[in-house]
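Have your viewer open beside the text.

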Amino acid sequence: MDFLYTYETLKLEFPLVNPEKAAFTILGVPFDGTTSFKAGARFGPTLIRHATLNLESYVLDYDVDISQLPIADIGDVAVVAGDPRKTADRVRETVEELMKANPKTMPILLGGEHSQTLGAVEALKPASYVVFDAHFDLRDSYEDNPYNHACVARRISELGVKEAMFGIRSGTREEVEYAEENGIQWVHARDYDFDAFVELVKPLPEPVYLSIDIDAFDLSLVPSTGTPEAGGLSFWDVVEAIEWLVEKKRIVGFDIMEVAGENLGDVTALTAAKLLFYFIGAMGRDI
Ligand SMILES: N=C(N)NCCCCNCCCN
Ligand SMILES: [Mn+2]
Ligand SMILES: [Mn+2]
C-alpha cells in the first residue's frame, strides 16, 4: 500500500508481507534534528535493519522463528529536517494510515530521536506509557523547543497517559518534582529489578505503549546514542520486563529509539536489533 510520507529503504532479509496482512509493521524514523550531544540517530533505522543480518531469525528461548511471522516493513518516514513537531506529525499520520488499513497490526518504530515517539502515541492513544530510559524526558522545554527529545514524556503525560519509567539515572530537580506531582512512578537504574518493574506496571491501565530509549542500557551496550549515560540496565533486565508485559498486558505500540552511529555493525545497533527480535519473538509465541 502507499503511504503519504514514507519511502523504501533497506529491509529485513526474510520474506515480508504487506501491512494489511502483518501482525507487526516496522517503520523507521531517521530524525535527529534536536540531538544535543552525540549525533547520528538519523542512521538508527538503517543501522538496526542492517544489524539484523547478523541474527538468527530463530529465537532460541521461545522456539519461535520470526521469519515465519507476518512482518511488514513500510520503510522510513520522510523527516522535516530540524523540526521535531512536523516530523512527529508525519509519524502520527503514517501510523494512523497504517491502523486504518490494518487495525490489528503492531506498529514498531525504529529511531531516531525519542521526540518521535509522541507521534505514535498520539495516533495509538494508549492508556499507559511504559518507558525504559536513562532520562525522565519530562522537561517542559529544552533548547527552546517543547518538542525536543528531552520533553517527550512530558508531552505524553499532558495527554493524560499514565506513565512508568525504568532505568532512570539523569534528570533535573524540576523533572523529579513534576513526576512526583503528576503521579509518574519511576525506578532508578541503581534500584532496578524485575520485582520493582512488576510492582509499578501491574496496576497500569491498558492498552500500553512500550518505548525503549536505547540509552536505558548500560553504556557498554549502547555507546552510540544521543545522550549516553553510564550505569544502565543489562540486556536481560529489559528482555525479562518485555516478556512480562507481552504476557500480562495488551500492548498497542512498541519502539526502540535513540540508536545512533555511523558505522555498520555498531554495537548499539546490534543491541537494538537483538532486542527487536526478542520483542517480536515474545509476541509471536501467541500467533
Ligand atoms: N532527555 C535527555 N536526553 N536529556 C538530556 C539532556 C542533556 C543535559 N545536558 C546537560 C549538560 C549540562 N552541562
Ligand atoms: Mn534517554
Ligand atoms: Mn528518551
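## A buried glutamate

Let us begin with Glu-163, which sits in strand 8 (residues 162-168); helices (H or I, at least four residues) and strands (E, at least two) are DSSP runs, numbered from the N terminus. Glu-163 is buried and yet forms no salt bridge. Here buried means under 20% relative accessible area, exposed over 50%, and partly exposed in between (1.4 Å probe, protein chains only), while a salt bridge is a side-chain nitrogen of Lys or Arg within 4 Å of a carboxyl oxygen of Asp or Glu.

Where is the nearest side chain of opposite charge to Glu-163? That is Arg-154, 8.8 Å away; Lys and Arg count as positive, Asp and Glu as negative, and His and the chain ends are not counted. The side chain of Glu-163 does reach the backbone nitrogen of Ser-157, at 3.3 Å.

## How to read the values

This is a predicted model, in which local features need pLDDT of at least 70 and side-chain atom pairs count only at pLDDT 80 or more, whereas totals for chains, interfaces and linings use all residues. Residues are numbered from 1 along each chain as its sequence is written, chains are lettered from A and ligands numbered from 1 in the order in which they are written, and side-chain values use heavy atoms, with hydrogens and water left out.

## Cavity and pocket

Rolling a probe the size of a water molecule over the atoms shows where empty space is left. On a 1 Å grid over the protein atoms alone, a cavity is a set of points where a 1.4 Å probe fits but cannot get out, and a pocket is an open set with protein on both sides within 12 Å along at least five of seven lines; lining residues have an atom within 4 Å of a point. Grid points are joined across faces, edges and corners, and a volume is the space filled by probe spheres set on the points.

The structure holds 1 cavity of 30 Å³ or more, and the largest cavity has a volume of about 50 Å³. Its lining includes Pro-84, Ser-115, Tyr-147 and Arg-155. Helix 2 (84-101) and helix 4 (152-158) are the elements that give two or more residues to this lining. By type, the lining of the largest cavity divides into 7 nonpolar, 2 polar and 1 charged (Ala, Val, Leu, Ile, Met, Phe, Trp, Tyr, Cys and Pro count as nonpolar, Asp, Glu, Lys and Arg as charged, and the others, Gly among them, as polar).

The largest pocket has a volume of about 310 Å³. Of the 15 residues that line this pocket, Ala-23, Lys-104, Met-106, Ile-251 and Met-283 lie nearest its centre. The pocket lining splits into 10 nonpolar, 1 polar and 4 charged residues.

## Backbone details in the loops

Two cis peptide bonds are worth a visit. One joins Gly-111 and Gly-112, with omega about 25 degrees, and Gly-112 belongs to the loop between strand 6 (106-111) and helix 3 (117-124). From Glu-206 to Pro-207 the peptide bond is also cis, with omega near 0 degrees; Pro-207 is in the loop between helix 6 (194-201) and strand 10.

Asp-137, in the loop between strand 7 (128-132) and helix 4, has a positive phi near 55 degrees. Asp-144, in the loop between strand 7 and helix 4, has a positive phi of about 70 degrees although it is not a glycine. Buried or exposed? Asp-137 counts as buried because its relative accessibility is 6%, and Asp-144 counts as exposed because its value is 76%.

Note on methods: Polar contact = N/O pair within 3.5 Å; in protein donor to acceptor, adjacent residues only side chain to side chain.
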